[in-house]
Amino acid sequence: MRLKADVERLQVMISQLKLEKEQLASSNRQIVTDLEREISSMAGHLDKLSAAFDSVSDVDNPEKAYWSYVSFPSRFFKFLQAIK
C-alpha cells in the first residue's frame, strides 16, 4: 500500500513539474519574441540616426558645411528631428 501511495505521489509531482516546465518554456518563448521585437525597433531607430548623421557628415569641411546648410536648411532640420 505504501509503495502504491508513493508511486501515485511521485506521478503527481512529475505531472506538476511537466506543467511548470511547459509554462516556463512558453514564457521564455514570449520573452524572446518581445526581445526580438525590441531589437528590431532599436535597429530601426539606429538606422534613422545613422542616416541623419550621414546627411550632415560633411561638417568637418567648413566650406561644404556652410554652403550645405545655407542651400539645404531642411537637411539640418531633418537631422535635428531625427536626433530628438
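**Basis of the model**

The model is predicted: local features need pLDDT of at least 70, side-chain atom pairs count only at pLDDT 80 or more, and totals for chains, interfaces and linings use all residues. Residues are numbered from 1 along each chain as its sequence is written, and side-chain values use heavy atoms, with hydrogens and water left out.

**Fold and confidence**

The secondary structure of the protein chain consists of three helices and zero strands, in the order α-α-α from the N terminus. Helices (H or I, at least four residues) and strands (E, at least two) are DSSP runs, numbered from the N terminus. Mean pLDDT, the predictor's confidence in each residue on a scale from 0 to 100, is 81 for the protein chain, and 73% of its residues reach 70 or more. Confidence is highest in α1, at a mean of 92, and lowest in helix α2 (residues 62-71), at a mean of 53. Where pLDDT is low, the predicted coordinates should not be read in detail.

**Exposure of the chain**

Of the 84 residues of the protein chain, 7% count as buried. Here buried means under 20% relative accessible area, exposed means over 50%, and partly exposed lies in between (1.4 Å probe, protein chains only). The protein chain exposes about 7500 Å², of which carbon and sulfur atoms supply 63%. Accessible areas come from the Shrake-Rupley method with a 1.4 Å probe; for residues, only the protein chains shown count as cover.

A search of the whole structure finds two salt bridges, each defined as a side-chain nitrogen of Lys or Arg within 4 Å of a carboxyl oxygen of Asp or Glu.

| Salt bridge | N to O distance |
|---|---|
| Arg9 and Asp6 | 3.6 Å |
| Arg37 and Asp34 | 3.2 Å |

Arg9 and Asp6 are three residues apart in helix α1 (residues 2-55), so about one helical turn separates them. Arg9 is partly exposed, with a relative accessible area of 47%, and Asp6 is also partly exposed, at 26%. Arg37 and Asp34 are likewise separated by about one helical turn, because they are three residues apart in helix α1. Arg37 is exposed, at 51% relative accessible area, whereas Asp34 counts as partly exposed, at 31%.

**Nonpolar patch and helix α3**

A nonpolar surface patch is formed by Phe53, Phe77, Leu80 and Ile83, which together have about 380 Å² of accessible area. Patches are made of residues with over 30% relative accessible area and no salt bridge; like charges are joined within 9 Å, and nonpolar side chains (Val, Leu, Ile, Met, Phe, Trp, Tyr) within 5 Å. Helix α3 (residues 73-83) gives the most to this patch, with three residues. Phe77 is found in helix α3 and is exposed, with a relative accessible area of 53%.

His45 lies in helix α1 and counts as partly exposed, at 42% relative accessibility. His45 and Ala82 are 37 residues apart in sequence and 8.8 Å apart in space, C-alpha to C-alpha.
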